Amino acid sequence: MTNQDFILAHRHDDVRWLALRRSPEGVDLRWCLQQIEGRQLAEHKLPQWAETEGLWYPPRVSMEQCSSQQTALYKRQLAERLLPADERESMTDLTGGLGVDFSYVAPLFHRATYVEIQSHLVDLARHNLPLLGLAHATIVTPEGLQVRPTEDHRSADLLYIDPSRRDTVGRKTVALADCSPDIIQLQDQWQEGVRYVLVKLSPMLDISEALRQVRNVKEVHVVSVRGECKELLLLIDPQHTAEPTFHCADLPQGEVFRCRQSERTVGIELGELSEGCLLFEPGSCLLKAACQDAYAHRVGLRKLHPMSNLYVVPSSASSESLSGRTFRVEAWGDFSKRSLSQLLGDLRQANLSVRNFPSSVDTLRKRLRLREGGDTYLFATTLADGRHALLRCARC
């Protein structure tokens, strides 16, 4: 039996169970298990890759860290919006990695260059890219550990960089200066010839600090998938000198909220609670971009408290397709013993959150003697008049 025969025969089996079995003669069990597990992960994260027969997959950790199909398609759509079809001559991915983002963006360009310093990823790319329809791609392996744009790369219509966010011993890093390559040092090299630079950064990075260090940022994209913030993208136009525009994308719905940097400090009216009213909690991409007030102002919401990030949905505002979670307030009260007794009744389980409240979730959960989970949602927060309140809600 060949490796490929074994992979095809067990493509849907549990790799942990397969690892305990004796492998047939001629089968590299370790390699085959890596391929089976990689394809199973791809079925959920990269379904188009999973449908492509013969691809080679890296170890599990690389599959978990790579871009998803949804976020890769978002970058492709971004490139399509920036550059008309007749202006997409060349692109370079300076940090090719597994090649997920490259495989979705590169087909838009006549010439595409994949750059990677890790030899095992280069081997995967040489095998996978032609199977993914990228036979025209040029694969470059720089000498040494430093990736820098060559003269050819400096004339790219799109330069894509996903800096490594781990140091030399494998520890995670967040600061720009600790990433490799260091885009702060590379800035002077793309001032001439490169039309756009797209940089993917950790969603944990402080956006304001990044904007202080990186010049000519035209757009800031905060991308979340099913409510979880996944990527921070900086679109750099070497000729851009105005303030950046923020784009908050909530995938897979594809809804994108856009506002200028100065709009994020917009004043917003305060609202009052009433039983039966709707309560809105902004999605993670809005909160990460600090665009929640600008969003609420635009769709007609009112804030419970200037620091709470919880909003009342007036009856005159549309509650459909809001970028976040919406709840119906069933009851609310203060933290007196009598009020809590009426509010909680015989409730023993609830999803508890604190917003602008002087206590942690764990401390409050012990005080209220509640287990996690269930269909009831409790918000401990502060109202506009300074009172502390507990809101009992149901998810809409």
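Biologist: How many salt bridges does the count come to?

Modeller: A salt bridge is a side-chain nitrogen of Lys or Arg within 4 Å of a carboxyl oxygen of Asp or Glu. By this rule there are 25 salt bridges. The model is a predicted one, in which local features need pLDDT of at least 70 and side-chain atom pairs count only at pLDDT 80 or more, while totals for chains, interfaces and linings use all residues. Residues are numbered from 1 along each chain as its sequence is written, and side-chain values use heavy atoms, with hydrogens and water left out.

Biologist: Which side chain meets Asp-101 in a salt bridge?

Modeller: That of Lys-75, at 3.0 Å from N to O. The two residues are 26 apart and link distant parts of the chain, with Asp-101 in helix 7 (residues 100-105) and Lys-75 in helix 6. Helices (H or I, at least four residues) and strands (E, at least two) are DSSP runs, numbered from the N terminus.

Biologist: Which residues line the largest cavity?

Modeller: On a 1 Å grid over the protein atoms alone, a cavity is a set of points where a 1.4 Å probe fits but cannot get out; a pocket is an open set with protein on both sides within 12 Å along at least five of seven lines; lining residues have an atom within 4 Å of a point. One cavity of 30 Å³ or more is found. The largest cavity holds about 40 Å³, a volume being the space filled by probe spheres set on the points, which are joined across faces, edges and corners. Lys-75 and Asp-101 both line it, together with Met-91, Asp-93, Phe-102, Val-105, Leu-158, Tyr-160 and Leu-198. Helix 7 gives the largest share of this lining, three residues; strand 1 and strand 4 also give two or more.

Biologist: What order do the strands of the nine-stranded sheet have?

Modeller: Strands of a sheet pair through backbone hydrogen bonds, either parallel or antiparallel. Two strands count as paired if DSSP finds at least two bridges between them. Here the open sheet has the order 3-2-1-4-5-7-6-8-9, with mixed pairing. Strand 3 (138-140) and strand 9 (255-260) are at the edges with a single partner strand each, so one side of each has no neighbour in the sheet. From one strand to the next the twist averages 15 degrees. Strand 1 (residues 90-93) and strand 4 (residues 158-161) are parallel over three bridges, and Thr-92 has Leu-159 of strand 4 as bridge partner.

Biologist: Which strands does helix 6 touch?

Modeller: Helix 6 (residues 69-82) packs on the sheet and touches strand 4, strand 5 (196-201), strand 6 (217-225), strand 7 (228-236), strand 8 (245-251) and strand 9. Contact means heavy atoms within 4.5 Å. The direction of helix 6 makes about 150 degrees with that of strand 6; axes are lines fitted to C-alpha atoms, for helices over the stretch in contact, and angles run from 0 to 180 degrees between N-to-C directions.

Biologist: In which sense, parallel or antiparallel, does strand 13 pair with strand 10?

Modeller: Antiparallel: strand 10 (residues 278-282) and strand 13 (residues 324-333) share five bridges, with Pro-282 opposite Gly-324. Strand 13 is also antiparallel to strand 16 (residues 388-395), over six bridges, and Arg-328 has Ala-394 of strand 16 as bridge partner.

Biologist: Which element gives the most to the lining of the second largest pocket?

Modeller: Helix 13, with four residues. This pocket holds about 280 Å³. Helix 13 (337-344) and helix 14 (361-368) are the elements that give two or more residues to its lining. Residues lining the pocket include Phe-335, Lys-337, Leu-340, Arg-348 and Arg-367.
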